[in-house]
Each structure stands twice: as C-alpha cells, then as structure tokens.
Amino acid sequence: GFLNMNGGRIREALHDLTGAPAITYFTREGRPEEHWNNIIDGDRRHYIMAAGTDDISGTGNDAFNDKVGLSGNHAYSLLAAYEIINDRGNKRVLREGEPSNPNNERIVKLRNPWGEKEWKGDWSDNSSKWTPQLRNEVKIKNEEDGIFCMPFADFTDFIAPMIFTARSDV
C-alpha cells in the first residue's frame, strides 16, 4: 500500500489518502501575494498542504543538492506559514487579526518526508535570524529531523512551482 509509494503525483496522493478534493496552485502564474494568501488561508483552515520541487540539480531524479539543502523532483509537506514582524526591536510572529504586510519577513515551515536533509539558507535550523522566542513560537529545533523553515521568496524559487492542498472541511 501507501508504505511502498515511490514517486507519483502529490495531488493524486493527497486525494487518495484523504478523500478530499485537492487543489493545485502554480506559483509561476499569478502574483506571489496571491500564493502567500492561499497558503495562509490553507494553514488557518488546517488543510493538508504539500509542495514539489523542479529538477534542481538537473539530474532527472531526486538527488539531494548539498549546496542548497534540497532535493529535486521531490515532495515536501507544507506545515505552516508565518509572518515575522519587528515589534519595537523584538522579532515575533504576526498574530491572527493583525494586518499582513509584504514588508514583513514571510517564512514557510516544511518537512522533508525522508526525515532528514534540510534547507541551508536563511531561516534554516541554524540561521542567525532565529531568536529563542521565535524558535519557541514557530516550534523549530536545530536538529536533523527533516523539519525546517525558509523564506517564502526562496520557497517559490526552489520548492514550489506547485502547491497542493487537500480540504479537510468537506
């Protein structure tokens, strides 16, 4: 069954696993603001979300690119999205009800299903951008667990030519 799943289409897997309708968003179409809003909406509604990479290294397979810390032709779980604001010198996560602003630092939290091999750029586990308070708010640890954060702009460049959601409220 699902334990032996190797490759395939993320959208079909989400539908097969959940029975819920799955939606695909192509991030190379439309504006980044629209895609950010779709992710935030999916996160708030507790949708199951995933994203898939293009062929990052040009190998045709899911080879790991050690320079960036990502694999090509690979699926990632999209766990959450956060806006980081500077509140009188202290960075913190934007709270529900506060207005979103494209000038805030926008990050996404992802999981590599391999349980290891993580993004190495800004907002990675050992990035200097983290404060202890932010780590606590985002629930991110500096360990090789496959869970990592990255800037939304890098997410749309590297990870997400497509974002998939499965509605959990149907």
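Q: Which residues of H2 are buried?

A: The model is a predicted one. Buried here means under 20% relative accessible area. In H2, that group consists of His35, Trp36, Ile39, Ile40 and Gly42.

Q: Why do the buried residues of H2 line one face of the helix?

A: The directions are viewed down the helix axis. For H2 the buried residues fall within an arc of 165°, so they line one face.

Q: What span should H2 have, and how far apart are its end C-alpha atoms?

A: The expected span is 1.5 Å times one less than the number of residues. H2 has 13 residues and should therefore span 18 Å; its end C-alpha atoms are 18 Å apart, in agreement.

Q: How much space lies in the second largest pocket, and which residues are closest to its centre?

A: The second largest pocket holds about 380 Å³ of space. It is lined by 17 residues, and Ile40, Arg44, Ala81, Leu94 and Glu96 are the closest to its centre. Two elements each give two or more residues to this lining, helix H2 (32–44) and strand S5 (75–87). H2 gives the most, five residues. By class, the lining has seven nonpolar, four polar and six charged residues.

Q: In which sense do S2 and S5 pair, and over how many bridges?

A: The pairing of S2 with S5 is antiparallel and runs over four bridges. Alanine 51 has tyrosine 76, in S5, as its bridge partner. Strand S2 (residues 48–52) is mostly covered, with four of its five residues buried.

Key. Residues are numbered from 1 along each chain as its sequence is written. This is a predicted model: local features need pLDDT of at least 70, side-chain atom pairs count only at pLDDT 80 or more; totals for chains, interfaces and linings use all residues. Side-chain values use heavy atoms; hydrogens and water are left out. On a 1 Å grid over the protein atoms alone, a cavity is a set of points where a 1.4 Å probe fits but cannot get out, and a pocket is an open set with protein on both sides within 12 Å along at least five of seven lines; lining residues have an atom within 4 Å of a point. Grid points are joined across faces, edges and corners, and a volume is the space filled by probe spheres set on the points. Ala, Val, Leu, Ile, Met, Phe, Trp, Tyr, Cys and Pro count as nonpolar, Asp, Glu, Lys and Arg as charged, and the others, Gly among them, as polar. Buried means under 20% relative accessible area, exposed over 50%, partly exposed in between (1.4 Å probe, protein chains only). Two strands pair if DSSP finds at least two bridges between them. The arc is that of the directions from the helix axis to the C-beta atoms.
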